[in-house]
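Biologist: I would like to learn how to read a protein model step by step. Could you walk me through this one?

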Amino acid sequence: LVVGLARGALALIDSASPLSVLTANVATMLGLGLSVDYALLVVSRFREQLAHMPARAAAAATFRSAGATVALSGLGVAISLAALMIVPINEVQSIGIAGLIVVGAAVVVCATLLPAILCLIGSRMDVLMPLRQRFEPTANALWRLWARLLFKHPIAFAALASAPLVALALHAARLDISLPRGDWLPKSARAAGAMEALDRIGRTGILQTIHVLVELEAPASSEQGWSALAGLSARIAQDPRVEATRSITTAAGSQGWRLFAFLPEAAVGTFLSQDARTGLITATPRADLELHELSQLARDLRAAAIPDGVAAVSVGGAPALTADYIDTVSRWFVPVAAVILVVTFIVLAYGLRSLLLPLKAIALNLLSVAAALGAMTLVFQDGLGGAWLGLDAPAGAVFPIVPILVFSIVFGLSMDYEVFLFARVVEAHRSGASDLDAMTAGLRATAGVITSAAALMVIVFGAFMLG
């Protein structure tokens with residue numbers, strides 16, 4: 001239901017303002033994961049209440065307690081995903097919009113419709129689970145034992161739990177945010193077959209042609225304008241990364257301005273504007289250049305000094321577009337992270353009535369994100385275990401969009417589980433329990449839900465690795 005609602009809303013938005021194709025996958029992946037998370041929390045709390053009161057009262061109590069927790073948790077996830085909308089790239093903004101709608105749908109369904117359905121079902125909810133009552137006491141006893149052991153040796157457990165995360169997080173400092181090296185398209189894709197055919201004849205460079213638009217101080221029909229255009233074209237051709245350049249000057253020769261009136265109209269129209277003051281130079285790069293090298297070539301052409309007789313130079317084409325994409329995503333990473341951290345702290349401080357708990361939650365979530373980025377560095381950049389994912393060799397880099405998505409999604413989802421736990425700890429503490437008893441009660445009540453929810457989230461996300 002959540003996925004259907006979200007994708008329907010996205011279809012309406014897409015009809016008015018086109019969204020990225022990635023929104024379909026994001027809506028499905030997050031919709032399944034979040035709705036299962038919230039549903040587990042609500043059902044678990046309803047079972048607790050149902051043991052002490054009638055179904056209608058249990059549903060009302062679940063709405064007040066678990067419903068509020070789901071709303072606070074969803075708000076944290078929504079903040080992390082909504083922050084993506086400040087990045088001025090349609091693809092990233094589309095994912096932020098999709099995430100925001102999915103979170104809203106999951107919260108509304110699980111905090112309102114689900115308790116109503118549970119009220120109607122009542123105790124019949126466990127009819128198809130006859131073994132649950134047999135194993136539940138054992139599971140509760142194990143979690144109670146775990147909580148007692150954990151809080152008896154907190155420093156030792158904290159060190160054991162954080163050591164592997166810190167070890168992974170250290171590798172995040174080496175993360176190369178550019179473009180993967182080598183072939184990463186599926187071999188079965190038609191585009192991959194065409195690329196292989198072009199590669200066999202050494203012509204893959206034509207797919208990455210760089211377009212240099214030159215504004216001349218004098219028209220190309222004059223000696224000054226022609227010489228300026230010819231000089232820039234020759235300078236670009238001297239770059240060892242460039243295989244060939246084409247312009248009106250390469251077609252007509254160094255004295256072409258003298259023959260300007262006799263040049264073919266098709267040639268002039270292809271490489272010059274009507275007033276001959278704007279010229280086009282196409283630069284075909286070498287076929288053996290990697291994508292990150294092509295992007296750097298575009299950057300270098302932009303940074304080169306403008307020669308005499310040229311008023312302005314603009315560099316476009318696929319490599320320039322890629323360079324802009326990488327630079328834009330990289331430039332907005334810190335602002336997005338800052339917005340997420342600040343707004344999340346404010347919301348959690350208000351929702352939990354505490355300053356220390358939000359700080360601790362943010363610190364642990366940052367560690368989780370850093371560990372995830374470190375794991376990506378080892379797998380995709382270094383190739384550790386990459387063969388299990390179908391990688392023939394280390395990619396050497398990670399797609400620019402991935403780190404910013406990992407930060408927002410992992411930060412938001414890991415906040416989910418902390419809110420689940422903290423809400424029960426705060427509730428027990430306000431009921432008069434001591435610090436230790438409140439933490440024990442909170443962990444015992446939510447450990448099973450958090451573990452099951454995380455396991456199901458892994459399954460949902462893991463399914464998308466088949467793509």
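Biologist: Let me start with charge: how far apart are the mean positions of the positive and negative charges of the protein?

Modeller: First, the general idea: Lys and Arg count as positive, Asp and Glu as negative, while His and the chain ends are not counted. Each charge is placed at NZ of Lys, CZ of Arg, CG of Asp or CD of Glu. Here there are 31 positive and 31 negative charges, and their mean positions are 13 Å apart. Before we go on, note that this is a predicted model, where local features need pLDDT of at least 70, side-chain atom pairs count only at pLDDT 80 or more, and totals for chains, interfaces and linings use all residues. Residues are numbered from 1 along each chain as its sequence is written, and side-chain values use heavy atoms, with hydrogens and water left out.

Biologist: Thanks! How many helices and strands are there in the protein?

Modeller: Helices (H or I, at least four residues) and strands (E, at least two) are DSSP runs, numbered from the N terminus. This protein has 15 helices and four strands.

Biologist: What radius of gyration does the protein have, beside that of a compact globule?

Modeller: The radius of gyration is taken over C-alpha atoms, and the globule rule is 2.2 Å times the number of residues to the power 0.38. For 467 residues a compact globule would come out near 23 Å, but this protein has 29 Å.

Biologist: What share of the residues counts as buried?

Modeller: Buried means under 20% relative accessible area, exposed over 50%, and partly exposed in between (1.4 Å probe, protein chains only). By that rule, 41% of the 467 residues are buried.

Biologist: Which residues have the most contacts inside the largest nonpolar core?

Modeller: In soluble globular proteins, nonpolar side chains tend to be buried together. A nonpolar core is a set of buried Ala, Val, Leu, Ile, Met, Phe, Trp, Tyr and Cys residues joined through side-chain atoms within 4.5 Å. The largest one has 71 residues, and Leu 34, Tyr 38 and Leu 84 have the most contacts inside it. Among the helices that each supply at least two residues of this core are α1 (2-16), α2 (22-50), α14 (401-430) and α15 (435-463). There is also a second, separate core of 27 residues, including Val 214, Ala 220, Ala 276 and Leu 301.

Biologist: Let us look at one core member. Which residues is Leu 84 in contact with, leaving aside neighbours within four places in sequence?

Modeller: Contact means heavy atoms within 4.5 Å. With those neighbours left aside, the partners of Leu 84 include Val 92, Ile 95, Val 336, Ile 404 and Leu 405. Across the protein, residues 24 or more positions apart make up 77% of the contacts with a separation of 6 or more.

Biologist: Now helix α13. Is Asn 365 buried or exposed?

Modeller: Asn 365, found in helix α13, is buried, with a relative accessible area of 1%. Beyond residues up to four places away in sequence, Asn 365 touches Phe 411, Ser 414, Met 415 and Glu 418. Leu 373 is also found in helix α13 and counts as buried at 9% relative accessibility.

Biologist: Why does Glu 215 count as partly exposed?

Modeller: Glu 215 counts as partly exposed because its relative accessibility is 40%. This residue sits in strand β1 (residues 210-216). Glu 215 and Arg 277 are 62 residues apart along the chain, yet their C-alpha atoms are separated by 6.0 Å.

Biologist: Last one: where does Ala 276 lie?

Modeller: Ala 276 is in the loop between α10 (265-271) and β3 (278-285). Although Ala 276 is not a glycine, it has a positive phi of about 60°. Ala 276 counts as buried, at 5% relative accessibility.
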